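Please find below my note on the model under discussion.

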Amino acid sequence: MRTTDPNTEPTGTEPTTTAARTGRAEPTRRVLVCGAVVAAAGVGLVACGSDDGDSKDKTPGGAGGDKTLGPVADVPVGGGKVYDDAKVVVTQPTAGDFKAFSAVCTHQQCLVGSVAAGKINCPCHGSSFDASTGAVLGGPAPRPLAAKQIAVTNGQVVLKPA
């Protein structure tokens, strides 16, 4: 047999919820879980932000948003190199003359795949572009490749911010 304490057990005539007894509602588990999720999302967003508010490249030698792509030796005369991560293709039509273009084909946004015989070639649908100007030479591409600003500094190809 169980004994009851009239101070802790409801008798049937007294309010049975904290809200009814105190006049204020306690949070439910659902409210607490939702609050925790919102707080965690806020922490996640803060963690994704930059600590100093800038998005400058932290590559050694990079300044003002410059991005070092690689050594000039990687870009052959009469050819070029596609830098997939930066989505840039750098060409060297003649010795010491470096050009850079977006590596995103203007047809269906595939990355171009190679540079050979003065042409930048897209493997997706056969578009080709002039390695000196980015102009469309053939294929379904409707527009030339956008030019990018680069510099050669200390033997490195450096992409300048747009």
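1. Basis of the note. This is a predicted model, in which local features need pLDDT of at least 70 and side-chain atom pairs count only at pLDDT 80 or more, while totals for chains, interfaces and linings use all residues. Residues are numbered from 1 along each chain as its sequence is written, and side-chain values use heavy atoms, with hydrogens and water left out.

2. Secondary structure. The protein chain contains 2 helices and 10 strands. Here helices (H or I, at least four residues) and strands (E, at least two) are DSSP runs, numbered from the N terminus. Their order along the sequence is α-α-β-β-β-β-β-β-β-β-β-β.

3. Surface and contacts. The chain has 162 residues, and 22% of them count as buried; buried means under 20% relative accessible area, exposed over 50%, and partly exposed in between (1.4 Å probe, protein chains only). The accessible surface comes to about 10,500 Å², of which carbon and sulfur atoms hold 55%. These areas come from the Shrake-Rupley method with a 1.4 Å probe, and for residues only the protein chains shown count as cover. Among contacts (heavy atoms within 4.5 Å) with a separation of 6 or more, 35% are between residues 24 or more positions apart.

4. The disulfide. A disulfide is a covalent bond between the sulfur atoms of two cysteines. Taking a pair of cysteine sulfur atoms within 2.5 Å as the criterion, the count is 1 disulfide. The bond joins C110 to C124, with an S to S distance of 2.1 Å. The torsion about this S-S bond is about -110°, so the disulfide is left-handed. C110 lies in the loop between β4 (97-102) and β5 (114-116), and C124 in the loop between β6 (119-121) and β7 (128-130), so the pair ties together parts that are 14 residues apart in sequence. C110 counts as buried at 18% relative accessibility, whereas C124 is partly exposed at 37%.

5. The cysteines C105 and C122. What is the nearest cysteine sulfur to C105, which is in no disulfide? It is that of C122, 3.9 Å away. C122 is likewise in no disulfide, and the nearest cysteine sulfur to it is that of C105. Both residues count as buried, C105 at 2% relative accessibility and C122 at 6%.

6. Nonpolar cores. A nonpolar core is a set of buried Ala, Val, Leu, Ile, Met, Phe, Trp, Tyr and Cys residues joined through side-chain atoms within 4.5 Å. The largest has 14 residues, of which V89, V112, I120 and F129 touch the most other members. Leaving out residues up to four places away in sequence, V112 touches V82, V89, A103, I120, N121, C122, P123 and F129. A second, separate core of 10 residues includes V75, F98, A100 and V157.

7. Residue S128. This serine is found in strand β7. Is S128 buried or exposed? S128 is buried, with a relative accessible area of 9%. Beyond its neighbours within four places in sequence, S128 is in contact with K119, I120, N121, A135, V136, L137 and G138.

8. Residue K67. This lysine is found in strand β1 (residues 67-71). K67 is partly exposed, with a relative accessible area of 31%. Although K67 and P161 are 94 residues apart in sequence, their C-alpha atoms are 8.0 Å apart in space.
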